[in-house]
Amino acid sequence: MQSTTLMIDLKDDEIRGLVALCSQEKRAKLAGMCESPAQADALMSALDEINWQLASSGHAGAIEAMSNLVV
């Protein structure tokens, strides 16, 4: 698997939307919409990466979402 980091400018509402998608509640709903466990795993991996990138840039909501993830 190849990992790529994208540097894009996001508006505050776009960042809030991404952080919301990374919440435990939304992740479970999104995983349930996937056609296969492999799709769900890939989606969760992508959400983890988005959340990690936002948290590493200091976004408080993303940091909180990371701290709430069940490991």
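Me: At roughly what angle do the axes of α3 and helix α4 cross?

Reply: This is a predicted model, and the answer rests on the axes of α3 and of helix α4, which covers residues 60–68. The two axes come within 7 Å of each other, and the angle at which they cross is roughly 130°.

Me: Is α3 oblique or roughly antiparallel to α4?

Reply: The axes of α3 and α4 cross at roughly 130°. An angle has to be over 145 degrees to count as roughly antiparallel, and therefore the relation of α3 to α4 is oblique.

Me: Which residues of α4 meet α3?

Reply: The crossing in which α3 passes α4 is left-handed. On the side of α3, the residues taking part are Asn51, Trp52, Leu54 and Ala55. Their partners in α4 are Ala62, Ile63, Ala65 and Met66.

Me: How is α2 oriented to α3, roughly antiparallel or oblique?

Reply: Helix α2 takes in residues 24–33, and its axis comes within 9 Å of the axis of α3, with a crossing at roughly 150°. Because angles over 145 degrees count as roughly antiparallel, the orientation of α2 to α3 is roughly antiparallel.

Me: Is the crossing of α2 and α3 left-handed or right-handed, and which residues of α2 make the contact?

Reply: The crossing of α2 and α3 is right-handed. From α3, the contact involves Ala40, Leu43, Met44, Leu47 and Asp48. The residues that α2 brings to this contact are Arg27, Leu30 and Ala31.

Me: With which residues is Leu54 in contact, leaving aside its neighbours within four places in sequence?

Reply: Leu54 belongs to the largest nonpolar core, and it is also one of the α3 residues that meet α4. Once the neighbours within four places in sequence are left aside, the contacts of Leu54 are Ile15, Leu18, Val19, His59 and Ala62.

Me: What percentage of the residues in the chain is buried?

Reply: The chain has four helices and zero strands, and the elements run α-α-α-α from the N terminus on. A residue has to be under 20% relative accessible area to be buried, and among the 71 residues of the chain the buried share is 18%.

Definitions and conventions. Residues are numbered from 1 along each chain as its sequence is written. This is a predicted model: local features need pLDDT of at least 70, side-chain atom pairs count only at pLDDT 80 or more; totals for chains, interfaces and linings use all residues. Side-chain values use heavy atoms; hydrogens and water are left out. Helices (H or I, at least four residues) and strands (E, at least two) are DSSP runs, numbered from the N terminus. Buried means under 20% relative accessible area, exposed over 50%, partly exposed in between (1.4 Å probe, protein chains only). A nonpolar core is a set of buried Ala, Val, Leu, Ile, Met, Phe, Trp, Tyr and Cys residues joined through side-chain atoms within 4.5 Å. Contact means heavy atoms within 4.5 Å. Axes are lines fitted to C-alpha atoms, for helices over the stretch in contact, and angles run from 0 to 180 degrees between N-to-C directions. Angles under 35 degrees count as roughly parallel, over 145 as roughly antiparallel, 65 to 115 as roughly perpendicular and the rest as oblique. A crossing is left-handed if the near helix is turned anticlockwise from the far one by less than a right angle, and right-handed if clockwise.
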